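Q: I'm new to this one and would like a close look at a single part before anything else. Could you walk me through it in plain words?

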Amino acid sequence: MVGRQVPSMAEEKTSDPWPELRDLPMGRRVELQDGRGQSYVGTVVSRHGFLGERILQLKLSNGYNVGIRVDPGATFRLLPDSPRQVREEPGPQRREPPSLGASWVALLTTGGTIASRVDYETGGVRPVKGEAEILAFYPELERGGPVRIIPVFDRLSEDLRPADWVTLGEHVVGAFREGATGVVIAHGTDTLGFTAAALSFLLVDLPGPVVLVGAQRSPDRPSSDGPSNLQAAVLVAREARLGEVVVVMHEGPSDTQFAIHRGTWVRKMHSSRRDAFESRNGPELGEVDADRVTLGPLARPATAGPAHLDGPIDDRAALLWFYPGLSPVHARAISLDVRGLVIAGTGLGHIASSHLEWIREATARGVTVAMTTQCLGGRADPFVYATGRDLVSAGVVYLDDLLPETAYTKMVWALGHATTREAVAELLQTPRAGEFLERHAGVRGR
Amino acid sequence: MKAGLEIHQQLATGKLFCACPAELSEDVAVSFGRRLRAAEGEDRAVDAAASLQAARGLLYRYEVVPSSCLVEMDDEPPHPLNADALETALLVALLLEARPVDEVEVMRKIVVDGSTTSGFQRTALVATGGHIDVRGRTHRIETVCLEEDAARRIGESPDGVTYRLDRLGISLIEIATAPDITSGVEAREVAEEIGALLRATGRVRRGIGTIREDVNVSTEGGRRTEIKGVQELRKIQEYVEREVGRQRVLLSLRDELLRRGASVPSGSQREMTDLFREVRSGPLSEVRRSGAVVLVLPLLGFAGLLKSPPGTEERLGRELAAQARAVGLGGILHSDELPGHGVSEAVVRKLRQALGVGDADAFVLVVGPSREPAEAAVERVAARARAALEGVPEETRDPLPDGSTRYSRPLPGRDRMYPETDVPPIPVSGERLDMLRRDLPEHPSARRERIIRQYTLPLEVVRQLEGLEDVEEFEALVQRGHAPGAVARLLTQDAPAAMAQTPEARPFSLDILDMVLAAAESGKFAKEGIPAVLGALAAGATSVEAAIGRAGLSSGPVEDLDAVVDRIVRANAKLVHERGEAALSPLMGDVMREVRGRRDGKEVADSLRRSIARLRAETATPPP
């Protein structure tokens with residue numbers, strides 16, 4: 001049936017029409033008599049996973065999609081119209097690379113959707129890909145100078161792994177070597193904070209900013225925060241005299257103000273708000289307001305370069321969130337499979353005393369066990385309560401005001417740079433990317 | 001002519017995709033600014049209506065009220081579709097005998113004027129088909145949809161528009177009729193009938209702004225125009241009739257223009273700023289002070305056709321001016337109103353000479369703060385003048401309070417919709433529909449028949465009660481033991497009259513009306529006093545007793561009516577002697593002055609009749 005040339009006049013079906021209707025390709029036009037006195041003319045649109053039994057989804061001529069149950073007594077005829085697919089953009093996929101000498105920004109893409117195109121006939125949403133198409137979609141990106149788009153991955157951020165941090169870092173270094181003024185990395189927001197922290201430890205001697213950016217609201221809606229975030233990120237990459245890894249996202253609900261967060265301090269603190277990203281334990285490094293970039297005193301300036309990647313990592317590490325009832329058996333099982341373990345403990349950095357035994361065992365085996373606080377604000381401190389002192393005696397390394405996720409990425413990096421527990425512990429506690437802050441201001445805010 | 005309606009009724013079920021109450025608020029907590037990116041169509045074709053708004057790159061400000069949440073801020077995905085709202089829409093569909101779909105699919109309809117924070121309006125088609133019958137004629141229903149209301153427009157500035165989030169997301173039912181309406185009266189009656197049907201569900205919001213109509217009107221030879229956002233049902237008739245009139249004027253103008261061979265040559269506008277440097281009054285006086293630019297557009301063969309034809313208020317000049325306003329200018333001046341507005345006859349002569357136009361031709365002056373907006377306005381004015389050669393252009397028009405309409409924007413193209421993937425589709429099972437059918441509210445037409453029969457009220461009184469949305473109140477008061485006629489009179493005449501005197505007063509509660517009726521029935525005052533008591537209540541009396549007092553009826557019933565009547569009859573013995581029975585009528589007035597509101601007129605008449613008879617009997621009998 002599918003693909004067969006069908007005459008314009010009726011071809012009434014008498015048997016159960018569902019098997020044929022179910023298999024019709026998207027875009028096929030049909031007239032359906034539902035056998036209950038109503039007829040519908042519409043275009044078959046993409047089925048989505050939630051559709052019920054025997055429900056045919058049609059787009060009517062008024063633009064609405066409706067689900068119609070196809071009973072065995074229903075009849076249909078195909079209308080003369082070819083199936084319509086979501087069209088691929090035919091435009092040129094390559095263009096001339098920016099001429100040397102021009103101040104250009106590299107935009108690394110990692111997947112997810114940086115932009116989407118909607119096909120109003122079928123309701124299909126197709127990601128915008130490729131340099132030419134992305135720039136055609138966001139003409140304002142090149143307002144201040146050329147942008148070169150470098151696709152790195154095509155994956156959702158929850159599917160990225162520590163090895164991908166290294167790959168990204170290599171591309172960043174490559175872009176700076178070719179003369180980029182700054183680098184923007186478009187990234188899914190779910191694990192954007194991890195990648196930002198990891199790159200902070202991996203990248204050294206940056207001659208310009210490395211700016212991670214994402215979108216909290218999908219790009220298939222006119223209100224997506226993606227375009228304005230991306231524009232602010234490109235502006236920071238082009239203009240800010242920054243030599244570190246930062247995240248640029250909405251500062252509040254408005255599309256006009258953006259915060260510049262240090263890669264090791266930033267955390268996604270809300271599942272859906274545009275201003276989900278917050279700097280914890282330290283101030284924002286700066287902001288973008290009405291297309292003007294302002295940097296605060298803590299921002300680390302650009303170096304003379306050249307940028308390089310301080311590479312090897314070892315991802316035999318784990319992050320363990322303690323909770324009342326966490327089984328020491330489960331925790332121990334994890335410790336058997338890793339070289340380093342970061343605990344997000346309660347309060348000042350505590351875990352139930354029933355866990356002391358496996359911790360002693362693990363550190364004796366050479367596993368680095370580090371402590372952070374699941375409060376996500378303030379420091380871990382072993383000296384206030386006996387529990388903390390016992391944990392230090394058991395060999396646990398306290399990581400002061402590092403966020404658990406930042407501590408985990410630093411662990412992955414440190415494990416690649418040292419073999420003994422003591423050496424790993426020393427790397428963990430040594431400041432490297434501005435990740436520790438000695439003075440937590442009494443007054444909140446920048 | 002033919003017309004179709006789109007009725008949008010707010011539901012009292014809470015918002016469609018979040019848990020916020022459907023309440024308006026004047027309490028603004030904070031505000032934020034957003035930009036919308038016009039999502040371009042796959043075919044790159046830009047919708048005419050969308051481009052006019054999106055091309056301007058506006059910053060929209062949104063005022064957040066305490067009752068709004070992250071869903072309205074587009075900072076949280078929508079919650080599942082409000083089940084009560086869907087049930088109400090299904091009830092309405094069943095009342096209309098429309099056919100519900102088997103699975104409701106929520107769509108995103110692209111709207112880039114900033115009136116939604118998402119850039120689209122969520123909408124779902126719930127049923128198709130159905131009908132509503134008015135005075136024996138059937139009007140087909142095309143669709144019954146459920147959609148979210150837009151944010152409330154608060155104000156605008158050159159670089160943006162301010163909206164408030166309180167209205168955004170309120171559940172709306174949209175009912176679209178086929179273009180089966182053939183007159184303005186019918187348009188109003190169909191709207192009223194649909195309104196009554198919506199209220200029959202008992203789940204709609206009441207009050208101004210809770211129901212809005214879009215009216216599509218076309219006349220023979222003309223094209224469709226849409227009057228968008230009529231808030232008062234009773235005005236629909238006027239809007240339709242005036243629109244039909246406007247279209248007829250435009251059509252006859254077209255005939256005249258074609259007969260004259262009129263034309264608007266392209267690129268024929270000329271800058272003539274210097275001619276107006278000496279103008280000292282009127283809209284052109286700004287030329288002297290600022291860098292304003294005056295462009296003049298000749299309209300060949302248009303002379304005398306820009307002002308109103310005799311006997312109508314419609315004029316082409318007004319339609320041309322609206323085009324200049326659409327790009328932000330104040331309007332235009334045209335040759336049919338010149339000399340005048342500070343422009344002398346000498347200047348007009350020079351103008352005609354410079355343009356090379358004769359007395360049969362017209363021209364339009366456009367004043368802009370600089371060349372660019374003036375050019376943009378002239379282009380639009382020229383396009384509109386050319387459209388006059390074809391008759392009625394398709395467009396959306398805003399209703400104005402005086403019953404006329406004003407150009408607002410081109411008619412939007414086909415809605416651009418795609419699925420709202422954040423909301424799963426909702427199945428509508430046969431069992432669910434059967435359950436709703438078993439408990440369907442009474443159809444307004446059935447209820448009308450029943451009320452006429454059950455309470456022996458005339459049809460027009462029932463229609464009045466319906467128009468006032470007082471049928472439920474009527475039945476409730478009758479159930480409390482009051483006479484149907486008295487209740488109907490109270491609701492259709494006395495209460496509206498009292499409210500009209502004090503427009504700011506709150507509507508009477510059912511309990512108050514009950515107490516007023518009970519007080520009259522128990523003789524605390526006579527039923528003639530009801531309007532006065534209601535008036536006192538509307539004016540602020542805090543109880544029925546207080547209102548009786550304020551109305552001057554507080555002395556209670558006249559203890560001895562006969563004594564009062566006898567006194568007055570005897571004081572007028574001469575009149576009685578001369579006119580006999582016929583004295584009743586003038587004396588009635590005297591007595592009523594003393595006892596009005598406390599005694600019933602019929603009672604007074606009876607007493608008078610007796611007293612007159614007594615007096616006449618006495619005087620007729622000679623003293624012994």
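Where in chain B is B:Pro339 found?

A: Before the details, this is a predicted model, where local features need pLDDT of at least 70, side-chain atom pairs count only at pLDDT 80 or more, and totals for chains, interfaces and linings use all residues. Residues are numbered from 1 along each chain as its sequence is written, while chains are lettered from A and ligands numbered from 1 in the order in which they are written.

Now to your spot. B:Pro339 is found in the loop between strand S17 (332-334) and helix H7 (345-355) of chain B. Those labels are DSSP runs numbered from the N terminus: helices are H or I with at least four residues, and strands are E with at least two. Most residues other than glycine have a negative phi, and most peptide bonds are trans.

Chain A has a cis bond too, joining A:Gly305 and A:Pro306, with omega about -5 degrees. A:Pro306 also sits in a loop, between strand S18 (292-295) and strand S19 (308-309) of chain A.

B:Glu97 isn't a glycine, yet its phi is positive, about 55 degrees. You'll find B:Glu97 in the loop between helix H2 (83-95) and strand S4 (99-100) of chain B. B:Glu97 counts as partly exposed, because it has 13 C-beta neighbours inside 10 Å. The scale works like this: 20 or more other C-beta atoms within 10 Å of a residue's own means buried, 12 or fewer means exposed, and in between is partly exposed, with C-beta atoms placed from the backbone.

Then there's B:Glu469, which has a positive phi of about 60 degrees although it is not a glycine. B:Glu469 lies in the loop between helix H11 (459-467) and helix H12 (471-479) of chain B. With 12 other C-beta atoms within 10 Å, B:Glu469 is exposed.

For a bit of context, chain B also touches chain A: the contact takes 41 residues from chain B and 35 residues from chain A. Two residues count as in contact if their C-beta atoms, placed from the backbone, lie within 7 Å. On the chain A side, the largest share, five residues, comes from S4(A).
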